[in-house]
Amino acid sequence: MICKVKRTIEKYNLLDGVGSLAVGVSGGADSMCLLEILSKLKDEYGIILKAVHLNHNIRGQEALRDQRAVEEFCQKLGIECLSYSVDIPALAKEMGIGEEECGRIKRYECFNDAGCDVVATAHTLSDSIETMMFNLIRGTGLKGLCGIPAKRDNIIRPLIECTRSEIESYCKDNKIDYVTDSTNLTDD
C-alpha cells in the first residue's frame, strides 16, 4: 500500500516543491490510513505534517469521540494536530445553505488556516468512481466523467488510486483504529 501511494505521489508530482502538508483527518479509515502512511513517508519527502480535524457539532458525543481518536492518534505518531469546533447546523442556517455544503466550506477553511503549502485529503478510487456515477446519473459532460483529480490547486489526494477495501485491509494489518461516522450509514 505504501508503494502504491508513493507511485501516486510521483505519478502526479503531488509533493514537488512541498515543504509542509496539512492532512484532513476525520477519524475514519481513509484519513487515518492516509495520515499513518504520510507519517512514514515524511522524512523521505522532507515534509512537515500537520493533521487538521473539524468537529462539525452534528453528532454530539460521537463527534467528540472522533475528535479524541484523531488527537490520540496524532500524539502517538508525534504529529501536530489542529482541532477545530464549529456549530455547522447553526452556521448553515445562518448562511442559508445545507449542512453538507457548509461543512465542506468550513473544512477547507480550516485546512487552509493550517498555513501549509498543500492540503492532503483522503479521497480514494472508490470515492472517485462514486462521484463519476453520480455525475453520470445527473447528466454530465466529459469533465464530470473524469471523477476526482489527484491534484487540484493546493489540494492533493495521495489515496486516489487506492480502493476502500485496500485501505481497510491496511488499517487491519497495521492495527490502525478508526471510527465510523453514523451519518455515513444514512441516505440523508
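Biologist: Is V23 buried or exposed?
Modeller: V23 is buried, with a relative accessible area of 0%. Buried means under 20% relative accessible area, exposed over 50% and partly exposed in between, with a 1.4 Å probe and protein chains only.

Biologist: What kind of model is this?
Modeller: This is a predicted model, in which local features need pLDDT of at least 70 and side-chain atom pairs count only at pLDDT 80 or more, while totals for chains, interfaces and linings use all residues. Residues are numbered from 1 along each chain as its sequence is written, and side-chain values use heavy atoms, with hydrogens and water left out.

Biologist: Where is the place of V23?
Modeller: V23 belongs to strand β1 (residues 20–24). Helices (H or I, at least four residues) and strands (E, at least two) are DSSP runs, numbered from the N terminus.

Biologist: Which residues does V23 touch?
Modeller: Not counting residues up to four places away in sequence, V23 touches L34, L35, L38, L49, K50, A51, V52 and A120. Contact means heavy atoms within 4.5 Å.

Biologist: Why is β2 described as largely enclosed?
Modeller: β2 is largely enclosed by the rest of the structure because 7 of its 8 residues are buried.

Biologist: What is the strand order in the sheet?
Modeller: The sheet is open and has 6 strands in the order β3-β2-β1-β4-β6-β5, with mixed pairing. β3 (80–85) and β5 (151–152) stand at the edges with a single partner strand each, so one side of each is left without a neighbour in the sheet. Two strands pair if DSSP finds at least two bridges between them.

Biologist: In what sense do β5 and β6 pair?
Modeller: β5 pairs with strand β6 (residues 155–156) in the antiparallel sense, over 2 bridges. R152 stands opposite I155 in β6.

Biologist: Which strands does α2 lie across?
Modeller: α2 lies across β1, β2 (48–55) and β4 (118–120), and runs at about 160° to β1. α5 also packs on the sheet, where it touches β1, β2, β3, β4 and β6, and its direction makes about 150° with that of β2. Axes are lines fitted to C-alpha atoms, for helices over the stretch in contact, and angles run from 0 to 180 degrees between N-to-C directions.

Biologist: Changing topic, at what angle do α4 and α5 pack?
Modeller: Helix α4 (residues 88–95) packs against helix α5 (residues 99–113) at about 105°, with the axes 9 Å apart. That makes α4 roughly perpendicular to α5. Angles under 35 degrees count as roughly parallel, over 145 as roughly antiparallel, 65 to 115 as roughly perpendicular and the rest as oblique.

Biologist: Which residues meet there?
Modeller: I88, P89, L91, A92 and M95 in α4 meet E99, C102, G103, I105 and K106 in α5.

Biologist: How many helices and strands does the protein chain have?
Modeller: The secondary structure of the protein chain comes to 7 helices and 6 strands. From the N terminus on, the elements run α-β-α-β-α-β-α-α-β-α-β-β-α. Of the 188 residues in the protein chain, 42% are buried.
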